[in-house]
Amino acid sequence: MVKTKKLSEIRKKIENNSAIVLTVQELLDRISSGKKVKFEDVDIVTTATKGLMSGIMGIFSFRLSPPKTLRKFTEVNMNGIPAFPGPCPNEYLGIVDLIIYGTTQSRTIDNYCGGSLFREIVEGKSVEISAKSAEGDTIEREMKLEDMQFAKLAGTRQAIKNYNAMINCETYKVNTIFSCLPFSPNKAEITFSGCGALNPFQNDPEFESFGVGSPVLVNGAIGHLMGSGTRNYIEKPNMMTIAPFEGMKPEYMGAFKTSFGLEPICSLALPIPILNENIFNNIVKSDNIVKLSILSLVGREKVGEITYGDVWDNNFLMKFNPDACKNCEECKAIDKCPTNAFIVKSGMISAIDRSRCFNCGNCTHLCPEAFILELKTIKFEGNDIPIVLRQSDRHGAILLAEQLKSMILKGEFPIRKPISKLRFAKTVK
Ligand code: SF4
Ligand code: SF4
């Protein structure tokens, strides 16, 4: 007989402080140390992902002028990033509703995109707003999150069921969102994305535990899952979420500089209540069983397949060794951090801002003496190909899964049934 557990029983256990909640990483660590974990041993598993998520946008509404003073706003920029005013015109109200993309670059600040703006808003910084009315008047304001009537982050396509590794099969370097430095030619290096065993969809492949209306932790704030996202299909599901900026933590957000522009960073965590043995059996027990396709960078055809066990192996956190810099004449890494995580003093990297570091390994690739991180090597067509960049931050995802666990145990995160199941297309049209 299939063993089951009711959601109400799990909730009761949370109230009684007897619920057993594990992050997927804790489960993996127990299993790899030889311990057996059974259905009865866990009530909820927390999953998470932290990576580049191009499909995020900020939705804002705030007052820029008194009522009756102008008809509507036709142009709005936030820290120089052009927004889309509307859809509501809010005629004669002096209020603007707007949407701003995470990928849009600022016209006034170098290396600054919507992802950078969202992080600064959460950090409590002032935003410079410049708006034009239909009458041609220009209005300029400084505003903080607390001054805004409405500020939420939404995503069209998030927590994709893992992603791919990339290799450049061409004979020339390529500037691309899949590398920080121009991508070397002739199959010389590999980059990859995806948090592997920690990914929410990887752990709920039959969409049994979360769905439309489920609470979700977005960058540390409680939001909701709206439904399946764009370009979804059953093999590569993704989700749309919405969450308030208020309560988010900057360390889960920001921008990542690739060789083809900036991409926004976003992090999500979801709980999986272990309601039956099927759900428990589907929880990933090893990165070695999560497949990772290698794609040719130009054209995206599949040229190989490895697993996330080949790329993730308790090698999550980059460690900095400043002693290595003592005898160095010229730093080859100083301006090459994609998240601006280097703290520079007297022209030298003195420390790492851990709230910005993405553990991507770009610095390690440039200077392995100072930046200690085991970036793996992949066997491909008989050759050893080095991984030079990781575009997902498994360490950050583990921290968010731990935050979710802590919130669940304290009764601060609701454990609820979804309103309806997520549906996905059979194929991409
Ligand atoms: S980070 Fe590396 S290249 Fe830069 S100063 Fe230190 S040892 Fe030299
Ligand atoms: S691992 Fe290095 S290059 Fe990557 S974000 Fe951290 S400090 Fe920057």
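The centres of domain 1 and domain 2, taken over C-alpha atoms, are separated by 35 Å. Domain 1 covers residues 58–150 and domain 2 covers residues 319–372, with bounds that come from an automatic or database domain assignment. The model is predicted: local features need pLDDT of at least 70, side-chain atom pairs count only at pLDDT 80 or more, and totals for chains, interfaces and linings use all residues. Residues are numbered from 1 along each chain as its sequence is written, while chains are lettered from A and ligands numbered from 1 in the order in which they are written.

A residue is buried if 20 or more other C-beta atoms lie within 10 Å of its own, exposed if 12 or fewer, and partly exposed in between, with C-beta atoms placed from the backbone. Helices (H or I, at least four residues) and strands (E, at least two) are DSSP runs, numbered from the N terminus.

Leaving aside neighbours within four places in sequence, Val-24 is in contact with Val-45, Thr-47, Ala-197, Leu-198, Asn-203, Ile-283, Val-284 and Ala-401; contact requires C-beta atoms, placed from the backbone, to lie within 7 Å. Strand β1 (residues 21–23) runs parallel to β2 and is joined to it by three bridges, with Thr-23 opposite Thr-46. Strands count as paired if DSSP finds at least two bridges between them. With strand β17 (residues 261–273), β2 pairs in the antiparallel sense over nine bridges, and here Ile-44 stands opposite Pro-273.

A further sheet is open and has four strands in the order β5-β4-β8-β9, with antiparallel pairing. Its edge strands are β5 (81–82) and β9, each of which pairs on one side only. Strand β4 (residues 73–78) is joined to β8 by five bridges, and Val-76 stands opposite Ala-131 in β8. On the β9 side, six bridges join β8 (residues 127–133) to its antiparallel partner, where Ala-131 has Ile-139 as its bridge partner. β8 and β9 form a hairpin with four residues between them, and Gly-136 in the turn has a positive phi of about 95°. Strand β9 (residues 138–143) is hardly covered, the count of buried residues among its six being zero.

By contrast, nine of the nine residues of helix α3 (residues 114–122) are buried, so this helix is largely enclosed by the rest of the structure. Gly-124 follows α3 and has a positive phi, near 90°.

Ala-83 is found in the loop between β5 and β6 (84–85). This residue is buried, with 24 other C-beta atoms within 10 Å. Apart from residues up to four places away in sequence, Ala-83 touches Val-76, Asn-77, Met-78, Leu-98, Ile-99 and Ile-100.

The ligands complete the picture. Ligand 1 is surrounded by Ala-324, Cys-325, Cys-328, Cys-331, Lys-332, Ala-333, Ile-349, Cys-367, Glu-369 and Ala-370, a residue being near a molecule if its C-beta atom, placed from the backbone, lies within 6 Å of it. This shell divides into eight nonpolar, no polar and two charged residues. Ala, Val, Leu, Ile, Met, Phe, Trp, Tyr, Cys and Pro count as nonpolar, Asp, Glu, Lys and Arg as charged, and the others, Gly among them, as polar.

Around ligand 2 there are 14 residues, of which the closest are Cys-337, Cys-357, Cys-360, Asn-362 and Cys-363. The shell of ligand 2 has ten nonpolar, four polar and no charged residues. Cys-363 lies in helix α6 (residues 362–366) and is buried, with 26 other C-beta atoms within 10 Å. Beyond its neighbours within four places in sequence, Cys-363 is in contact with Ala-333, Lys-336, Cys-337 and Phe-371.

Terms used:
Two residues are in contact if their C-beta atoms, placed from the backbone, lie within 7 Å.
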